[in-house]
Amino acid sequence: MAAVPIPTRQLFIGGEWKHPVLNKRIPVINPATEEIVGDIPAATAEDVEVAVEAAHSAFNRNRGKDWAFASGAFRAKYLRAIAAKVVEKKEVLAKLESIDNGKPYDEAAWDMDDVAGCFEYYADLAEGLDSKQGTPVALPMDTFKSHVLREPIGVVALITPWNYPMLMATWKVAPALAAGCTAILKPSELSSLTCLELAAICQEVGLPSGVLNILTGLGPDAGAPLAAHPNVDKVAFTGSTATGSRIMTGAAKLVKPVSMELGGKSPIVVFEDVDLDKDPMEEGCRLGPVVSGGQYEKILKFISTAKSEGATILTGGARPKHLNKGFFIEPTIITDVTTSMQIWREEVFGPVLCVKTFSSEEEAIDLANDTHYGLGAAVISNDEERCDRVSKAFRAGIVWVNCSQPCFCQAPWGGLKRSGFGRELGQWGLDNYLSVKQVTKYISSDPWGWYQPPSKL
């Protein structure tokens, strides 16, 4: 496969490439080779200030008529143009994603298909908004008429993780723009290359300046001041529960709405009526390196702690012997696990699976729900009624039956408990970025007031 050069990009603010005010950059490390292959700009609070101002100006330009309060059909044209460019550049984008994040090229290519599909989907929903404006509200009095308007919430900060760099950015960018918001996207510093290419695509399709701004940089230096900025009207965050908690704390001071997709510890409950040899999840499975040296060390520490707590490393648990370079960890299965062990309770975010047996459906459900998290869960069984019972019993925002991890942009995505709140994707994803306004009109010819008018003398 032909090599792809790593573009040198700046921050994308107000429709233009801008050098970071402090001129700092962060190296890009290929996790498969541990080599520095390029660098990205490192934004700080000074750049956040400029980006928020650009987004604020774009939202209010021409009293909002240029973007925020233009028709959904107008905004849809830009979303479709972005989708077409992603399709056109799919190969290059997938190669950059693979180099930056470590996932196999084929998986990165599927992600790009999903990115384009997500922009297309929200283009359709943007158009659909136009016909929903002014939806009447039934009232018990015929002297009043009421309707609702769905309006963009304002300037939004979108902070996204490293595991699906461009796709999870799109899950936020596409609905935010469809709704009429203006946005500042802050991707993970561990995998920002494709989000910077999204900036280039926005420039190519002529997206109005300041509608989408992209700041790369470290969380404390760029993400924290962005989330806390008084002119940011909402924060949508995907990442760790600890960081989500800090963002919520800051947002509370300004009564700023947030939506959060945080950590998970997703159980897969496999019943005895399944022929595991026919399990399609294993077919053609391929594994790349983990994203960074820090993540690599963190996963190995989880494994060693499990061993020291008395668990058995059934297979894997170390670097593959034939790979001297790169952040590779063998697929790892851990047995003899108790529910008090760290490996059972905490999110590893690596190729590590704990296996524990159960003797009844009730015990399986209790084990699955015995967690602070509640993002995803799966049940594997040939008994349809059992699958329905278990699906209802799981305390999770997403349940998969006889599969694991399929994701469709039409269906809601999000969690319960410490996995966060709010839903992305589907109509729910658009609602994340809309405010509902009630408009009620008095239509009687009688005078309006608290008191009857005095009788004429």
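Select helices α2 (72–88) and α4 (residues 105–132). α2 and α4 are roughly antiparallel, because their packing angle is about 170° and the class takes angles over 145 degrees. Their axes lie 8 Å apart. Axes here are lines fitted to C-alpha atoms, for helices over the stretch in contact, and angles run from 0 to 180 degrees between N-to-C directions. Show side chains next: on α2, the contact residues include A73, A76, L79, R80, A83 and V87. On α4, they include M112, V115, F119, Y122, A126 and L129. Contact means heavy atoms within 4.5 Å.

This is a predicted model, in which local features need pLDDT of at least 70, side-chain atom pairs count only at pLDDT 80 or more, and totals for chains, interfaces and linings use all residues. Residues are numbered from 1 along each chain as its sequence is written, and side-chain values use heavy atoms, with hydrogens and water left out. Helices (H or I, at least four residues) and strands (E, at least two) are DSSP runs, numbered from the N terminus.

**Next helix pair**

The crossing of α4 past α5 is right-handed: the near helix is turned clockwise from the far one by less than a right angle. From α4, residues including D111, C118, F119 and Y122 meet residues of α5, among them L167, W171, A174 and A178.

**Rings**

Now select the aromatic side chains. How many aromatic pairs does the count come to? It comes to 14. Rings of Phe, Tyr and Trp (its six-membered ring) pair if their centres lie within 6.5 Å; planes under 30 degrees apart count as stacked, over 60 as edge-to-face and the rest as tilted.

Pick F59 and F69. They form an edge-to-face pair, 6.0 Å centre to centre with 70° between the planes. F59 sits in helix α1 (residues 45–60), while F69 is in the loop between α1 and α2, 10 residues apart. F59 is buried at 11% relative accessibility; F69 is partly exposed at 43%. Buried means under 20% relative accessible area, exposed over 50%, partly exposed in between (1.4 Å probe, protein chains only).

Move to W67 and F74. Their ring centres are 6.3 Å apart and their planes stand at 70°, so this pair is edge-to-face. W67 is buried at 1%, whereas F74 is partly exposed at 30%.

**A charge and a loop**

Select K234 and Y433. The charged end of K234 sits over the ring of Y433, 5.6 Å from its centre. The rule asks for NZ of Lys or CZ of Arg within 6 Å of the ring centre and within 35 degrees of the ring normal.

Then select N432, in the loop between α13 (426–431) and β19 (434–442). Is N432 buried or exposed? N432 is buried, at 12% relative accessibility. Leaving out residues up to four places away in sequence, N432 touches K234, S259, R423 and E424.

**Positive phi**

Finish with two backbone stops. N62 is not a glycine, yet has a positive phi of about 55°. N62 lies in the loop between α1 and α2 and is partly exposed at 46%. F349 also has a positive phi, near 60°. Look for F349 in the loop between α10 (342–345) and β15 (352–354); F349 is partly exposed at 35%.

Technical notes:
Angles under 35 degrees count as roughly parallel, over 145 as roughly antiparallel, 65 to 115 as roughly perpendicular and the rest as oblique.
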